[in-house]
Amino acid sequence: MAEIRQISGEGEKAEIARRILEALPEWFGIPEAREEYIRGSSGMPFFAAFEQKAPVGFLYLSQTGKDTVELAVMGVRREYHRQGIGRALVAAAKKDALQRGYSFLQVKTVQMGRYEDYDKTNLFYGALGFKEFEVFPTLWGERNPCQIYVMALK
């Protein structure tokens, strides 16, 4: 099983995010968006999964409201999917969010039914207990309607 660690070094966060996101072009193929995610990790609670000292996944959180924190970005290398790494990363993030006093965790993804890879992502979040909250049909453009999921933490 992968080792989950909280990362505090800003350079290490950026390096891990870059390595993972560049390995996942199906989800993070737009260079400008990928760079924004990498820059966005600075100062955020950041968790990474390691296999044999190599990073294989990560996520970071971003506050969206007084009581809500967002799973801002998450990536797990494709060859490590379905091994419990994403679930372990989310569990670490939930624990951190609770300790920080948040009541809700949210995540955004492309609405179900648009792309097979994103449908798998939607099913993953549902299996973790996230509930559909709202769809913003044009937030990311008409081809990528934004689905927001939420989870109560308390």
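Predicted model: local features only at pLDDT ≥ 70, side-chain atom pairs only at ≥ 80, totals over all residues.

Me: Let's start with helix pairs. At what angle do the axes of helix α1 and helix α3 cross, and how should I describe that?

Reply: The general idea is that an angle over 145 degrees counts as roughly antiparallel. Here, the axes of α1 (residues 10-22) and α3 (residues 31-40) cross at roughly 150° and come within 9 Å. The two helices are therefore roughly antiparallel to each other. The crossing of α1 past α3 is right-handed.

Me: Which residues in α1 and α3 meet?

Reply: From α1 they are A14, A17, R18, L21 and E22, and from α3 they are R34, E35, Y37 and I38. Sorted by class, this contact has 5 nonpolar and 4 charged residues, with no polar ones.

Me: And are α4 and α5 parallel or oblique to each other?

Reply: The axes of α4 (residues 85-99) and α5 (residues 116-128) cross at roughly 50° and come within 11 Å, so α4 and α5 are oblique to each other. Their crossing is right-handed. In the contact, G86, R87 and V90 of α4 meet F124, A127 and L128 of α5. That makes 4 nonpolar, 1 polar and 1 charged residues by class.

Me: Staying with α4, how many residues does it have, and what span is expected?

Reply: A helix can be checked by setting its reach beside the span expected at 1.5 Å a residue. α4 has 15 residues and reaches 21 Å from first to last C-alpha, close to the expected 21 Å.

Me: Which residues of α4 are buried, and what covers them?

Reply: Buried means a relative accessible area under 20%. In α4, the residues that qualify are I85, G86, A88, L89, V90, A93, D96 and A97. Their cover includes the strands β1 (3-7), β2 (46-51), β3 (54-63) and β4 (68-76), along with helix α5.

Me: Where is F47 found, and is F47 buried or exposed?

Reply: F47 is found in strand β2. Its relative accessibility is 5%, so F47 counts as buried. Leaving out neighbours within four places in sequence, the contacts of F47 include L89, A92, A93 and D96. Others among its contacts are I4, R5, Q6, G57, F58, L59 and L61.

Me: What about T68: buried or exposed?

Reply: T68 has a relative accessible area of 16%, so T68 is buried. T68 sits in strand β4 and, beyond residues up to four places away in sequence, touches Q63, Y102, F104 and Q106.

Me: Where do Q52 and R82 lie?

Reply: Q52 lies in the loop between β2 and β3, and with a relative accessible area of 78% Q52 is exposed. R82 is in the loop between β4 and α4, and R82 is exposed too, at 85%.

Key: Residues numbered from 1 in each chain as written. Heavy atoms only, no water. Axes fitted to C-alpha atoms, helices over the stretch in contact; angles between N-to-C directions. Helix = DSSP H or I, 4+ residues; strand = E, 2+ residues; numbered from the N terminus. Parallel < 35°, antiparallel > 145°, perpendicular 65-115°, else oblique. Left-handed = near helix turned anticlockwise from the far one by under 90°. Contact = heavy atoms within 4.5 Å. Nonpolar A, V, L, I, M, F, W, Y, C, P; charged D, E, K, R; others polar. Expected span 1.5 Å × (residues − 1). Buried < 20%, exposed > 50% of the residue type's maximum accessible area, 1.4 Å probe, protein only.
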